[in-house]
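Have the coordinates open while reading.

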Amino acid sequence: MLEVRALRAGYGGVEVLRGLDMRVGSSEIVAVLGANGAGKTTLNKVLSGVLPASGGEIRFDGHRIDSATAQEIVAAGLIHVPEGRKIFPNLSVRENLELGSYRRGRPRRRANLERVFATFPRLRERIAQPAGTLSGGEQQMLAIGRGMMAEPRLLILDEPSLGLSPLLVEQMFTLIARLNADGLPVLLVEQNVVQSLDLAARAYILENGVYAIAGSADEIRDNPDLKRAYLGM
Amino acid sequence: MYSPEIVLEAVVNGLLTGAVYALVALGLTLVYGVLHIINFAHGALLTCAMFAVWGLATAFGIDPYLAIPPLVLVFFGMGYALQRFVIGPASHGDDNNMLLVTLGLSIAIENGLLAVFHSDTRGLEGDAAFQVVQLGPMLISRAKLIGFAGALLVAALLWLLLTTTDTGKAIRAVAREKLGARLVGIDVRHIYAVTFGLGCACLAVAACLLMPTYYVNPRVGNAFVLVAFTIVVLGGMGSVPGALLGGLFIGVVESMSGLFLGDSLGQLGIFVIFILVLLLRPTGMFGAKA
């Protein structure tokens, strides 16, 4: 579904990603883990076309997308739910969701809206409220709901558990499993190692812009290098 | 000191003038709200629109009100192209540079107009300025009444556009959350250009509503934009309802201070208000807290 080869990217003269290879197969959950500053968010920005790649190639569904614009990538169905949610605080919950189908999924907007409300009944209760007044957990639901409105063919979730209470984190991971059970491949970018490894089939550990470890979730959990990658020990 | 009728008439006249001020301010506040820059070319573009109305009326005998639809289209297109192909590219990705580009643009336009039309002041032929409508005890200028209705209509249409269409929602989304907008597939450059185009379209309408009772010279737009800027600050930078209410209020302030202080000091009240707002409530009536 998604294939990345020798990907390089950065900001100005500073290279953050220094040659990444990765793959997300159809209908699997793949976790990208790593400490702060390892390059996780940069990777997501390059995948969604917000930041240009300086080298390497990205293929989505067999097509090169490393020089595509953000809107072309959304149109192809690679949907990125960003870190920090990036919802539209001045727009109502409904308007936020409607804009989720700005570029893709517009013909079935009404049906998809119902689907999101079925998944997140809380959002229906808050439908006319400005999104900026929602709680952190509700905003995260809204961000994921907005992503679902575009009928994703692959969903990138960047730190969906950030800033949520342990109970909400649990719910969030359950939800991701449910979305995936319907056949949606998910690229999960997280700092929450234990729960991510429980959920994902495979994982990549990012360290200083390269992969320190890659493999099945079970292998990685037992790998002594995991601690080193996180704690620099 | 003045009879109530005279004061009432001044208030009504102020409201009528204020609505057209509001229209100019709407364009300014819309561009500020989304692009986060003061469009310094706003005044020069208004002057262009007024010259266009004058030109159409003088050369082809086209009624200023009939000129609204074609001029709205032309000015929307021109604004779109200016932002997309001149202001945007010239600022090289840094929005702060756009401010300087619009300043340069205003100097270029103003001097271009001076070169072509010289500094003469021109008005439309005809007696539109003298036609009045009796409203109770008051005699109200017909052209101003039309201007008032037209400005409110445009404000309502703009509001509908911003709240009910996908493009309008995208404009409001880009105003506050650019990265989020890009990630749902909104082309931010396109939305910038549409916003700039809408700002120019407001100016085209304002010019058509103004010209029957006003005059045009290559610097006339600046006076309006100074007032419009006060309105934008008063209403809250980027707020559409703020621009509308602020415009009406400033119109009344101008008319009242004209009545009580004398015509030549009419604008004094506006700038006193401006300073007071900056001192006491810098976010304006409807402004978001920083």
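Counted over all chains, this predicted model holds 10 aromatic pairs. One of them joins Trp54(B) and Phe117(B), with ring centres 6.0 Å apart and planes at 85°. Planes over 60 degrees apart count as edge-to-face, so the pair of Trp54(B) and Phe117(B) is edge-to-face. Trp54(B) has a relative accessible area of 16%; buried means under 20%, so Trp54(B) is buried.

Chain B also contains an aromatic cluster, formed by Tyr21(B), Tyr214(B), Tyr215(B) and Phe224(B).

In chain A, rings meet charges. The charged end of Arg106(A) sits over the ring of Tyr102(A), at 5.8 Å from the ring centre. Arg146(A) places its charged end over the ring of Phe88(A), and here the distance to the ring centre is 4.7 Å.

Back in chain B, consider Thr230(B), which is found in helix 9 (residues 220–235). Is Thr230(B) buried or exposed? Its relative accessible area is 2%, and the limit for buried is under 20%, so Thr230(B) is buried. Which residues does Thr230(B) touch, not counting those up to four places away in sequence? They are Ile250(B), Ile270(B), Phe271(B) and Phe274(B).

Conventions
Residues numbered from 1 in each chain as written. Chains lettered and ligands numbered in written order. Predicted model: local features only at pLDDT ≥ 70, side-chain atom pairs only at ≥ 80, totals over all residues. Heavy atoms only, no water. Phe/Tyr/Trp six-rings, centres within 6.5 Å; stacked < 30°, edge-to-face > 60°. Buried < 20%, exposed > 50% of the residue type's maximum accessible area, 1.4 Å probe, protein only. Lys NZ or Arg CZ within 6 Å of the ring centre and 35° of its normal. Helix = DSSP H or I, 4+ residues; strand = E, 2+ residues; numbered from the N terminus. Contact = heavy atoms within 4.5 Å.
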